[in-house]
Amino acid sequence: MRGDERLVGGKNDNMMINSTNVDQDEIRKFEAFARKWWDRNGDFKSLHDINPLRVDYIRGRTGLKDRAVLDVGCGAGLLSESLAALGARVTGIDMGEAPLAVARLHQKKNGYQIDYRQVTVEAYAEARAGQYDAVICMELLEHVPRPASVVSACARLVRPGGDLFFATLNRNLKSFVMAIVGAEYILRLLPVGTHRWSRFIRPDELKGWGKRAGLDCVDLSGLHYNPFTRHYWVGGNTHVNYLMHFQRGG
Ligand code: SAH
């Protein structure tokens, strides 16, 4: 392990000094699919489908042009490139080597200059505290052992008054039926094993971690999908997928 990949300082919730907040099984899972990331109809089809909605949600709530934006758990750069296309100066961090390699290649094709780095958000927060106008962390929290530590690191990275956006999955019976049984086993929207239900996060848990990190929750919205019409929309209930917008007090 490289020094910059360590969790330094032991300042975060429930965190042991020098233990990483990275589940290597999760990283391997995304490495295995890395080549297919930009296949519009492949294993990441659902991420492609929801991407415009996420981008609209973010751009409606924060300025992007010429702003310093951090995409935490950026994968192969699906969201990072959309933000760069709107004029943001984007840094993307992830712990998967293969998705980052795909991201670097893909952005060349499109002429973006996104700064991609393999580093944990906790280590990055030690070096770049307060340097971002917006920090975005989508579909990552449900893949890490200690999500509260990620939220707290994201909070340190954003400048006072800046915006933070999270997207994740709620934990209840409906999300088990819809996101695991329905999406993975019946409709095959995602590869089997993509998610572990026990790692899903209730909105009140996320709100609480944000509050402890000095963040104010300014919006909670549901993200919905009708698999039969392939129609996606934001709003309404937050029983399964949801988005949360925080601001750092300042
Ligand atoms: N945020 C992107 C990709 C989500 S997939 C999007 O929504 O389009 C989840 C990503 O999280 C994968 O790229 C995986 O490599 C990464 N990941 C998993 N655990 C991580 C960790 N502890 N630190 C950083 N990245 C991690």
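Residues are numbered from 1 along each chain as its sequence is written, and side-chain values use heavy atoms, with hydrogens and water left out. Because the model is predicted, local features were required to have pLDDT of at least 70 and side-chain atom pairs were counted only at pLDDT 80 or more, whereas totals for chains, interfaces and linings use all residues.

The ligand is surrounded by 16 residues, of which N21, R54, G73, D94 and M138 are the closest; a residue is taken as near a molecule or strand if one of its heavy atoms lies within 4 Å of it. This shell comprises 10 nonpolar, three polar and three charged residues, where Ala, Val, Leu, Ile, Met, Phe, Trp, Tyr, Cys and Pro count as nonpolar, Asp, Glu, Lys and Arg as charged, and the others, Gly among them, as polar. Polar contacts are pairs of N or O atoms within 3.5 Å; within protein, one atom must be able to donate a hydrogen and the other to accept it, and residues adjacent in sequence count only if both atoms are side-chain atoms. A polar side-chain atom of D94 lies 2.7 Å from an oxygen atom of the ligand, while a backbone N or O atom of M95 is placed 3.3 Å from a ligand nitrogen atom. A polar backbone atom of M138 is likewise found 2.7 Å from a nitrogen atom of the ligand. Taken alone, the ligand exposes 580 Å², and the protein buries 97% of that area; accessible areas come from the Shrake-Rupley method with a 1.4 Å probe, and for residues only the protein chains shown count as cover. The elements contributing two or more residues to the shell are α1 (24–32) and α2 (45–59), with helices (H or I, at least four residues) and strands (E, at least two) defined as DSSP runs numbered from the N terminus.

In helix α1, the buried residues are E26, I27 and F30, buried meaning under 20% relative accessible area, exposed over 50%, and partly exposed in between (1.4 Å probe, protein chains only). Viewed down the axis of α1, these buried residues fall within an arc of 100°, so they line one face of the helix; the arc is that of the directions from the helix axis to the C-beta atoms. The face of α1 turned away from this buried side carries the exposed residues R28 and A32, whereas the buried residues pack against α4 (97–110). At the start of α1, a side-chain oxygen of D23 comes to within 2.9 Å of the backbone nitrogen of D25. E26, with a relative accessibility of 3%, counts as buried and, leaving aside neighbours within four places in sequence, is in contact (heavy atoms within 4.5 Å) with H143, T194, R196 and R199.

In helix α8 (residues 203–212), P203, E205, L206, W209 and G210 are buried. Their directions, seen down the axis of α8, fall within an arc of 160°, so these residues line one face of the helix. K211 and R212 are exposed on the other side of α8, and the buried residues pack against α6 (147–157), β5 (158–169), β6 (215–226) and β8 (241–248). Just after α8, G214 adopts a positive phi of about 85°.

One of the buried residues of α8, E205, is also joined to R171 by a polar contact of 2.8 Å between their side chains. R171 lies in the loop between β5 and α7 (173–186), and its side chain additionally reaches the backbone oxygen of F200 at 2.7 Å. Although R171 and W197 are 26 residues apart along the chain, their C-alpha atoms are separated by 6.8 Å. Residues up to four places away in sequence not being counted, R171 touches W197, S198, F200, I201, R202 and E205.

Y124, located in helix α5 (residues 121–128), is buried, with a relative accessible area of 4%. A polar contact of 2.7 Å joins the side chains of Y124 and Y132, and Y132 is also among the residues that Y124 touches, together with L70, T91, I93, R117, V119 and L157, when residues up to four places away in sequence are not counted. Y124 and A153 are 29 residues apart in sequence, with a C-alpha to C-alpha separation of 8.1 Å in space.

Positive phi values also occur in residues other than glycine, including D66, for which phi is near 65°, and E139, for which phi is near 55°. D66 lies in the loop between α2 and β1 (68–72), whereas E139 lies in the loop between β4 (132–138) and α6 and, at 16% relative accessibility, counts as buried.
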